[in-house]
Amino acid sequence: MSRAERAKEYFLQGFACSQAVALAFADVMGIEEDTLKKLTLPFGGGMGRLRLTCGAVSGMAFVVGAVFAEGENNPENKKKTYAIVQELCGKFKEKTKSLICAELLAGMKVPVEIGGEAEKRTAEYYKKRSCADMVYLATEILENYLRVNGKL
């Protein structure tokens with residue numbers, strides 16, 4: 001099973017989009033799954049259901065930081081890490097036309113609700129939105145990047 005397939009499975013099990021992407025790379029980051037679940041939960045729903053940056057994209061950026069960013073605070077470290085995130089986000093946006101949760105949902109013809117409680121995960125929920133596919137795509141893009149750059 002590819003990491004993209006694994007991430008999609010995590011999402012279909014009820015994890016937030018951000019969690020699903022990050023959990024697929026727990027071994028690469030060397031971070032316990034329980035810790036990852038806590039750290040990446042707030043990014044789901046476009047950052048706490050504010051419908052801003054897609055949670056799958058945020059999960060992808062989280063993994064980039066854990067894998068590529070160095071501990072020290074220096075301009076070259078930031079430049080390198082930001083460049084990777086920008087490249088991966090560009091690939092995601094090329095396929096989806098947006099990085100914004102609300103825009104992606106609107107494109108799926110799903111009502112965009114900001115804040116409040118997350119909708120209950122049912123078969124109908126998964127049928128009307130392609131968030132699982134966004135999780136798959138973000139993970140696939142990241143998986144390919146890590147493989148090409150010797151991190152997998």
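This note sets out points on helix packing, cysteines and one serine in a predicted model.

1. Helix H1, residues 3–12, and helix H10, residues 131–148, have axes that come within 8 Å and cross at roughly 150°. Since angles over 145 degrees count as roughly antiparallel, H1 and H10 are therefore roughly antiparallel to each other. The crossing in which H1 passes H10 is right-handed.

2. On the H1 side, the contact with H10 is made by Arg3, Ala4, Glu5, Ala7, Lys8, Phe11 and Leu12. H10 contributes Cys131, Ala132, Asp133, Val135, Tyr136, Thr139, Glu140 and Glu143. Sorted by class, the residues in this contact of H1 with H10 are 8 nonpolar, 1 polar and 6 charged.

3. H10 also packs with helix H7, residues 75–96, at an angle of about 135°, the two axes being 10 Å apart. H7 and H10 are therefore oblique to each other. Their crossing is right-handed.

4. In the contact between these helices, H7 supplies Ile84, Glu87, Leu88, Lys91, Phe92, Lys95 and Thr96. They meet Met134, Leu137, Ala138, Ile141, Leu142 and Tyr145 in H10. The contact of H7 with H10 holds 9 nonpolar, 1 polar and 3 charged residues.

5. How many disulfides does the model contain? The count comes to 0 disulfides, the criterion being a pair of cysteine sulfur atoms within 2.5 Å. Cys54 is in no disulfide, and the nearest cysteine sulfur, belonging to Cys17, is 5.5 Å away. Cys54 is buried, its relative accessible area being 7%.

6. Cys101 is likewise in no disulfide. For Cys101 the nearest cysteine sulfur is that of Cys54, at 6.2 Å. With a relative accessible area of 9%, Cys101 is buried.

7. Ser18 is located in helix H2, which spans residues 17–23. Is Ser18 buried or exposed? Its relative accessibility is 0%, and since buried means under 20%, Ser18 counts as buried. Leaving aside residues up to four places away in sequence, Ser18 touches Thr40, Leu41, Phe43, Gly44, Gly55, Ala56 and Gly59.

8. In summary, H10 is roughly antiparallel to H1 and oblique to H7.

Terms used. Residues numbered from 1 in each chain as written. Predicted model: local features only at pLDDT ≥ 70, side-chain atom pairs only at ≥ 80, totals over all residues. Heavy atoms only, no water. Axes fitted to C-alpha atoms, helices over the stretch in contact; angles between N-to-C directions. Helix = DSSP H or I, 4+ residues; strand = E, 2+ residues; numbered from the N terminus. Parallel < 35°, antiparallel > 145°, perpendicular 65-115°, else oblique. Left-handed = near helix turned anticlockwise from the far one by under 90°. Contact = heavy atoms within 4.5 Å. Nonpolar A, V, L, I, M, F, W, Y, C, P; charged D, E, K, R; others polar. Buried < 20%, exposed > 50% of the residue type's maximum accessible area, 1.4 Å probe, protein only.
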